[in-house]
Amino acid sequence: MIRKSDEIMFGVTERKLKELRETYKKGMTIQLDYMDDPQAPEIGTKGKIDYVDDAGTVHVSWENGGSLGLIPSEGDCFHIVAEEENSNTEQKDLDDMEIEI
């Protein structure tokens, strides 16, 4: 039985959409584990979340320059990259920079 709070919009319940938006926030770094799409980035590619749309698609700007969305309800798999790993990557990038005076 679908309750009023669980109305379906674009094939996704309101509750599931709220859960997706609370879990996958703008700017969060993720890493691709699996995507059944010929345009998919390579497994292991990282990206930053842009937003979750009303259909439950997680839109991502990938490190390879692409911007393909993930659809968790269709079997696309990815995981959140730990904040510590994000910080280490950013610090490494800073350490590699040459500073001219």
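This is a predicted model: local features need pLDDT of at least 70, side-chain atom pairs count only at pLDDT 80 or more; totals for chains, interfaces and linings use all residues.
I'll start with the rings. A pair of aromatic rings is described by the distance of the centres and the angle of the planes. This structure holds one such pair. It is formed by Tyr24 and Phe78, with ring centres 5.0 Å apart and planes at 55 degrees, so we call the pair tilted. The cut-off matters here, because edge-to-face needs an angle over 60 degrees.

Where do Tyr24 and Phe78 sit in the chain? Tyr24 is in the loop between helix H1, residues 14-23, and strand S3, residues 29-34. Phe78 belongs to strand S6, residues 77-80.

Now the surroundings of Tyr24. Leaving out residues up to four places away in sequence, Tyr24 touches Ile49, Val52, Val58, Phe78 and Ile80. The largest nonpolar core has 15 residues, and those touching the most other members are Tyr24, Ile30, Val58 and Leu70. Elements giving two or more residues to this core are H1, S3, strand S4 (46-52) and strand S5 (58-62). S5 provides the largest share, at three residues.

Gln31 lies in strand S3. Is Gln31 buried or exposed? Its relative accessibility is 18%, so Gln31 counts as buried; the cut-off for that is under 20%. What does the side chain of Gln31 reach? It reaches the backbone oxygen of Gly44, at 2.9 Å. Setting aside neighbours within four places in sequence, the contacts of Gln31 are Gly44, Thr45, Lys46, Phe78, His79 and Val81. Phe78 is therefore on the contact list of Gln31 as well as in the ring pair with Tyr24.

That brings me to the strands. S3 and S4 run antiparallel and are joined by three bridges. Within S4, Lys46 is the bridge partner of Gln31, and Lys46 is also among the contacts of Gln31. How many bridges join S4 to S5? There are five, and these strands also run antiparallel. One of the residues involved is Lys48, whose bridge partner in S5 is Ser61.

Last, the turn. The hairpin of S4 and S5 has five residues between the strands. In this hairpin, Gly56 takes a positive phi near 90 degrees.

To recap, Tyr24 is in the ring pair with Phe78 and is one of the core residues touching the most other members. That's all I have.

Notes. Residues are numbered from 1 along each chain as its sequence is written. Side-chain values use heavy atoms; hydrogens and water are left out. Rings of Phe, Tyr and Trp (its six-membered ring) pair if their centres lie within 6.5 Å; planes under 30 degrees apart count as stacked, over 60 as edge-to-face and the rest as tilted. Helices (H or I, at least four residues) and strands (E, at least two) are DSSP runs, numbered from the N terminus. A nonpolar core is a set of buried Ala, Val, Leu, Ile, Met, Phe, Trp, Tyr and Cys residues joined through side-chain atoms within 4.5 Å. Buried means under 20% relative accessible area, exposed over 50%, partly exposed in between (1.4 Å probe, protein chains only). Contact means heavy atoms within 4.5 Å. A polar contact is a pair of N or O atoms within 3.5 Å; within protein, one must be able to donate a hydrogen and the other to accept it, and residues adjacent in sequence count only if both atoms are side-chain atoms. Two strands pair if DSSP finds at least two bridges between them.
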